[in-house]
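Dear colleague,

Please find the structure below. I would be grateful if you would look through it before reading my notes.

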Amino acid sequence: MVVAERSRRFDWESFGWDIVDKVLRALDYFCHRVSGDTFLDCYSAHADRSLYELADEFAEWSASGISAGDLELLRMMPENYYKKFDSYVKKRIWEVVEELRREEEELRREL
């Protein structure tokens, strides 16, 4: 009962936007500076992963700012909030993928 009460009082909206920001920044950094794949391949490879999977992947990087506590809060997040933020992250990644595809196609046409 105590956990449920705390869960209702916690600011899930603020936490959700904070974790979304951390995950998207970490993914951007990974794809641009670490991966070794093309940007398109890197973003595409992450496009279907859940918010939790992405947060977990980048939690080991101290620079990401994603902590074990953040992962625990994601596990506790009420489903309606989780779905909202998971959906948002997937949408943003797919937008990047589509933009990279358009840019690649334009480059091919110019050659």
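The notes below concern His-46 and the helix that holds it.

This is a predicted model, in which local features need pLDDT of at least 70 and side-chain atom pairs count only at pLDDT 80 or more, while totals for chains, interfaces and linings use all residues. Residues are numbered from 1 along each chain as its sequence is written, and side-chain values use heavy atoms, with hydrogens and water left out.

His-46 belongs to helix α3, residues 39-46 (helices are DSSP runs of H or I, at least four residues, numbered from the N terminus). His-46 is buried, at 4% relative accessible area (buried means under 20%, with a 1.4 Å probe and protein chains only).

Which residues of α3 are buried? They are Leu-40, Cys-42, Tyr-43 and His-46. These residues lie on the same side of α3, because they cover an arc of only 165° around the axis (the arc is that of the directions from the helix axis to the C-beta atoms). They pack against α2 (12-34), α4 (51-58) and α6 (79-110).

Leaving aside neighbours within four places in sequence, His-46 is in contact (heavy atoms within 4.5 Å) with residues including Leu-27, Phe-58 and Ile-93.

Yours sincerely

How values were computed:
Helix = DSSP H or I, 4+ residues; strand = E, 2+ residues; numbered from the N terminus. Buried < 20%, exposed > 50% of the residue type's maximum accessible area, 1.4 Å probe, protein only.
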